[in-house]
Amino acid sequence: MAVVTPRVFVSHLAGIAVFDPNGDQVGRVRDLVAMLRVGGRPPRLLGLVVEVVSRRRIFLPMTRVTGVESGQVITTGVVNMRRFEQRASETLVLGELLDRRVSLVETGEEVTVLDIGISQLPARRDWEIDKVFVRKGKGGALRRKGETLTVEWSAVTGFSLEEHGQGAENLLATFEQLRPADLASALHHLTPKRRGEVAAALDDDRLADVLEELPEDDRVEIMGKLQEERAADVLEAMDPDDAADLLSELPEDEKERLLGLMRPDDAADVRRLMAYEERTAGGLMTTEPIVLRPDATIADALARVRDPDLSPSLAAQVYVCRPPDETPTGKYLGLVHFQRLLRDPPFTLVSSVADTDLPPLPPGTPLNEVTSYLATYNMVAAPVVDESGSLLGAVTVDDVLDHLLPDDWREAEMHGPPGAAADREGEPDDGR
């Protein structure tokens with residue numbers, strides 16, 4: 001009887017859960033590590049890059065993988081929690097091989113790599129790359145036509161060469177369902193060259209969401225690689241407070257050029273935020289809360305709250321103000337919590353159920369007082385009102401947390417579970 005060799009295409013592995021022998025989830029697959037070999041021999045698959053709950057990325061040797069099935073990876077043995085560091089001889093399959101332009105050995109025709117097939121060697125735990133799924137024709141995000149075919153690894157050449165201008169559409173397709181924070185984590189662990197290519201391939205809204213989740217150095221690096229017109233478009237798509245934070249990290253002349261390229265209304269919001277001290281209510285707030293006039297109904301409020309682009313904290317309450325109903329508004333009258341909107345008839349005026357007793361925050365309120373305010377009143381957002389009584393914006397709990405955590409919290413290493421401290425004597429070999 002012929003032995004059936006298990007084969008998996010790597011795009012199906014991106015993001016799937018990894019479980020230990022007890023059925024507890026270890027983390028999720030973020031990439032695969034391979035070692036290219038000379039003479040057209042199929043590369044050996046060394047292991048998986050797994051992101052554990054603490055956002056630490058660890059290396060899981062393929063010799064510890066006992067099953068890849070039903071959308072999950074099963075492991076055996078002790079998991080080494082040491083942080084993954086890519087070695088010079090190693091290649092990241094998702095990060096560096098997908099979208100690469102290679103050539104068919106038989107005809108010399110250039111093709112684009114869409115996916116990579118891996119298979120387990122018979123009677124062993126070793127895995128290797130044996131298939132390459134490619135598309136003929138010129139590459140590029142807008143060129144999706146062309147014959148596709150699956151060929152043996154030995155039937156293509158060009159993987160060992162560093163490629164300039166490598167595309168990103170197929171890598172992005174493997175991460176399409178990731179939340180912005182998880183995609184930001186994936187970008188952070190790519191090489192600067194690859195990070196720039198992926199950022200360039202994202203649409204403005206998606207890139208804006210990802211930039212809001214990246215560490216400061218990565219954000220500045222990516223913005224520096226974008227054309228100024230594109231950078232301005234991305235800033236417009238960001239929340240004004242996040243755009244202001246990013247611009248404050250740039251040199252003064254570059255900051256002014258980008259503000260000049262933005263739409264006047266968007267630039268005005270950002271300039272207004274940049275006028276406040278960073279760790280104050282004015283510096284923390286967003287200028288885009290839900291604002292309703294006194295004659296609006298609860299039905300109107302619920303329709304605004306349903307906006308899928310709103311964060312949960314901004315959708316938690318609406319602010320009732322006299323016209324104009326964009327910040328800075330007319331006189332601030334009060335706020336209505338989402339729960340209250342659910343308790344009264346849809347035709348009820350929001351002004352009749354607004355909480356008018358809760359004091360708003362002046363824009364100069366320092367961070368520690370903002371934190372105490374949210375905790376005291378059990379709020380996830382708070383109104384910021386100037387001396388004339390106009391609503392300027394709202395401070396949300398997620399923005400407060402961003403400033404309470406250490407500056408490098410997005411990339412700081414967190415310890416693994418007890419007994420898994422990194423780099424100690426006696427840890428099992430990682431198989432590389």
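Student: Which residues does D126 touch, not counting residues up to four places away in sequence?
Tutor: Keep in mind that we're looking at a predicted model. D126 sits in the loop between β10 (110-120) and β11 (127-136). Leaving out residues up to four places away in sequence, D126 touches T63, S119, Q120 and L121.

Student: Is D126 buried or exposed?
Tutor: The cut-off you need is that buried means under 20% relative accessible area. D126 has a relative accessible area of 18%, so this residue counts as buried.

Student: Let's step into β11. Which side chain makes a polar contact with the side chain of K131?
Tutor: K131 lies in strand β11 and is buried, at 17% relative accessibility. Beyond its neighbours within four places in sequence, K131 is in contact with R7, F9, I116, G117, T150, V151, E152 and W153. One of those makes a polar contact, at 2.3 Å, side chain to side chain with K131: E152.

Student: On to rings. How many aromatic pairs are there?
Tutor: The rule here is that rings of Phe, Tyr and Trp pair if their centres lie within 6.5 Å. By this rule, the number of aromatic pairs is 3.

Student: How do the rings of F59 and F84 pair: stacked or edge-to-face?
Tutor: Check the angle first: planes under 30 degrees apart count as stacked, and over 60 as edge-to-face. The ring centres of F59 and F84 are 6.2 Å apart and the planes are at 20°, so this pair is stacked.

Student: How many residues apart in sequence are the parts that F59 and F84 tie together?
Tutor: F59 belongs to strand β5 (residues 57-61), while F84 is in the loop between β7 (72-75) and β8 (91-92). F59 is buried at 4% relative accessibility, and F84 is buried at 11%. Their pair ties together parts whose separation in sequence, in residues, is 25.

Student: Now the helices. Which helices do the buried residues of α5 pack against?
Tutor: Start with the residues themselves: in α5 (residues 204-211), R206, L207, A208, V210 and L211 are buried. At the start of this helix, a side-chain oxygen of D203 comes within 3.2 Å of the backbone nitrogen of D205. The helices that the buried residues of α5 pack against are α3 (180-188), α4 (192-201), α6 (216-225), α7 (228-237) and α8 (240-248).

Student: At roughly what angle do the axes of α4 and α6 cross?
Tutor: The crossing of α4 and α6 is right-handed. Their axes come within 10 Å, and the crossing angle is roughly 65°.

Student: How many charged residues does the contact of α4 with α6 have?
Tutor: On the α4 side you'll find P192, K193, R195, G196 and A199, and they meet D218, E221, I222 and K225 in α6. By class, the contact has 3 nonpolar residues and 1 polar one, and the number of charged residues is 5.

Student: How far apart in space are L250 and R219, C-alpha to C-alpha?
Tutor: L250 lies in the loop between α8 and α9 (252-261) and is buried, with a relative accessible area of 7%. Leaving aside neighbours within four places in sequence, its contacts are V220, K255 and L258. L250 and R219 are 31 residues apart in sequence, and their C-alpha to C-alpha distance is 10.0 Å.

Student: Is N378 buried or exposed?
Tutor: N378 also isn't a glycine, and has a positive phi of about 55°. You'll find N378 in the loop between α15 (367-376) and β17 (381-385). For the label, exposed means over 50% relative accessible area. N378 comes out at 71%, so it counts as exposed.

Student: Is the peptide bond from T327 to P328 cis or trans?
Tutor: Most peptide bonds are trans. In the loop between β15 (317-321) and β16 (332-337), where P324 lies, the bond from P323 to P324 is cis, with omega near 5°. P328 lies in the loop between β15 and β16 too. With omega near -10°, the bond from T327 to P328 is cis.

Conventions:
Residues numbered from 1 in each chain as written. Predicted model: local features only at pLDDT ≥ 70, side-chain atom pairs only at ≥ 80, totals over all residues. Heavy atoms only, no water. Phe/Tyr/Trp six-rings, centres within 6.5 Å; stacked < 30°, edge-to-face > 60°. Helix = DSSP H or I, 4+ residues; strand = E, 2+ residues; numbered from the N terminus. Buried < 20%, exposed > 50% of the residue type's maximum accessible area, 1.4 Å probe, protein only. Contact = heavy atoms within 4.5 Å. Polar contact = N/O pair within 3.5 Å; in protein donor to acceptor, adjacent residues only side chain to side chain. Axes fitted to C-alpha atoms, helices over the stretch in contact; angles between N-to-C directions. Left-handed = near helix turned anticlockwise from the far one by under 90°. Nonpolar A, V, L, I, M, F, W, Y, C, P; charged D, E, K, R; others polar.
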